[in-house]
Amino acid sequence: MKVLISTDIEGVAGIVHPDQTRRGAPDYERARLWMVQEANSAIAGAFAAGADEVWINDSHGDFRNMPADLLDPRARAIQGKPRPLGMMAGVDLGVAAVCLVGYHSRAHGRGILAHTINGFAFASIAINGQELGEAGIYGALAGEFGVPVAMASGDDVFIAENRALFPDTLFVETKRATGCHGGISLAPEASCAAIQAGVAAALGRPLPPPFRIPAPLTVTVRAQTPALADLFCQWPSLHRLDGSAFHFEAGSVADAVRMINGLSAMSSLLR
C-alpha cells in the first residue's frame with residue numbers, strides 16, 4: 001500500500017493567527033515545527049496500518065515549510081513549486097489513498113484562517129455550480145486518479161463543510177473555531193496522537209470511494225476585487241460575469257487546478 005499525505009498549516013493544532021503561517025513572521029518558526037510534528041504522526045499512522053511507501057506533500061504557501069531533516073526518514077518529501085498537481089502532487093505515483101492533514105475551511109467561512117487557495121486573490125471557487133474549498137478541489141483531483149481521501153484533519157468548521165463531500169472519510173478535529181483568528185485547540189501532543197490513531201484506523205479499514213466530479217467542468221471564480229478580475233481576464237479563455245466574477249471551461253480537474261494556480265501566481269502582480 002502506497003499513501004500520500006498532503007499537509008497544510010492552518011488546520012494544525014495551536015495555529016489561529018496569520019503570523020503563525022507566514023515566513024519571516026515571529027511565530028512562524030514554532031508553527032512550522034507543529035506542522036512537521038503532525039505530518040510525522042500521520043506518517044507513523046500510515047506505516048502502522050501497513051503502508052509500504054509514504055509520500056509527504058508540503059502543501060502550504062511556497063510548499064517548503066517543513067524542515068527535511070525533521071521529517072520521518074521512512075517517508076519521501078514533495079516540496080517546492082511550481083508543480084502541476086499543486087497540493088495533490090504525488091497522487092500520480094500509484095498511491096492507494098490520500099490523507100489531508102492540517103486543512104482548513106473555504107473562503108468567507110467561519111473557520112480558523114479560512115480561505116481558498118489564495119486569500120488575497122479568490123473570494124470563492126465553484127466547479128459545476130458547487131462551491132469548494134481546497135479539500136474539495138484537491139479531493140476531486142485525487143478522485144480523477146481513482147484515489148480516495150481516507151482521512152482528514154482540521155477544525156470543526158472544516159469538518160462540517162466537507163462531510164457531505166467525503167461521507168466515509170475519517171475526520172480528526174484538532175481545534176474548534178470561535179472566529180477567524182480564534183479557537184479552542186488540542187495541545188500539539190494530543191493532536192499528534194489523534195492524527196496518528198486516525199490515519200492508522202482510516203487505512204486499516206475498507207477505503208471509501210473516490211470523490212469524482214465528471215467533466216466537462218465549468219469553473220466559476222469570484223476574485224477578491226474587480227482589479228484582480230481585470231488582471232485575470234487578460235486570459236482569452238476566461239469570461240467575465242460581473243465586476244469580480246468570471247468563469248472558464250476545463251476538461252479535467254487537473255486542468256482546472258493548473259489554471260487556478262496560474263491565476264494565483266498572477267495575483268502577485270497587484271500585491
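Trainee: Over how many bridges do β5 and strand β6 pair?
Mentor: This is a predicted model, where local features need pLDDT of at least 70, side-chain atom pairs count only at pLDDT 80 or more, and totals for chains, interfaces and linings use all residues. Residues are numbered from 1 along each chain as its sequence is written, and side-chain values use heavy atoms, leaving out hydrogens and water. Helices (H or I, at least four residues) and strands (E, at least two) are DSSP runs numbered from the N terminus, and two strands pair if DSSP finds at least two bridges between them. Strands β5 (residues 122-127) and β6 (residues 130-131) meet in the antiparallel sense, and the number of bridges is 2.

Trainee: Which residue in the turn of the β5 and β6 hairpin has a positive phi?
Mentor: Ala 126 stands opposite Glu 131 in β6. The hairpin leaves 2 residues between β5 and β6, and the one with a positive phi of about 50 degrees is Asn 128.

Trainee: Which residue in β10 stands opposite Phe 122?
Mentor: β5 also pairs with strand β10 (residues 217-223), in the antiparallel sense over 5 bridges. In β10, the residue opposite Phe 122 is Ala 223.

Trainee: How many residues of β5 are buried?
Mentor: Here, buried means under 20% relative accessible area, exposed means over 50%, and partly exposed lies in between (1.4 Å probe, protein chains only). β5 is mostly covered, and its buried residues number 6 of 6.

Trainee: Which helix supplies the largest share of the lining of the largest pocket?
Mentor: On a 1 Å grid over the protein atoms alone, a pocket is an open set of points with protein on both sides within 12 Å along at least five of seven lines, where a 1.4 Å probe fits; lining residues have an atom within 4 Å of a point. The largest pocket has 45 lining residues, and Gly 61, Ile 117, Asn 118, Gly 119 and Arg 271 lie nearest its centre. Helices α2 (134-144) and α6 each give at least two lining residues. The largest share is 5 residues, and these come from α6.

Trainee: How much space lies in the largest pocket?
Mentor: Grid points are joined across faces, edges and corners, and a volume is the space filled by probe spheres set on the points. For the largest pocket, that comes to about 1,200 Å³.

Trainee: UniProt lists Asp 8, His 60, His 104 and Glu 134 for "binding site"; what is the largest C-alpha distance among them?
Mentor: That listing comes from an unreviewed UniProt entry; positions are in the numbering used here, feature names are shortened, and annotations may be inferred rather than shown by experiment. These residues are spread over 127 residues of sequence yet cluster in space, with a largest C-alpha distance of 11.2 Å.

Trainee: Why does Asp 8 count as buried?
Mentor: Asp 8 lies in the loop between β1 (2-7) and α1 (28-48). Contact means heavy atoms within 4.5 Å, and, leaving aside neighbours within four places in sequence, Asp 8 has contacts including His 60, His 104 and Glu 134. Asp 8 counts as buried because its relative accessibility is 2%.

Trainee: With which residue's side chain does the side chain of Glu 134 make a polar contact?
Mentor: Glu 134 is found in helix α2 and is buried, at 2% relative accessibility. A polar contact is a pair of N or O atoms within 3.5 Å; within protein, one must be able to donate a hydrogen and the other to accept it, and residues adjacent in sequence count only if both atoms are side-chain atoms. At 3.0 Å, the partner of Glu 134 is His 104.

Trainee: Which side chain does a polar contact of 3.3 Å join to that of His 104?
Mentor: His 104 sits in the loop between β4 and β5 and is buried, at 1% relative accessibility. The partner in this 3.3 Å contact is His 115.

Trainee: Is Glu 10 buried or exposed?
Mentor: Glu 10 is in the loop between β1 and α1, and its side chain makes a polar contact of 3.4 Å with that of His 60. Because its relative accessibility is 6%, Glu 10 counts as buried.
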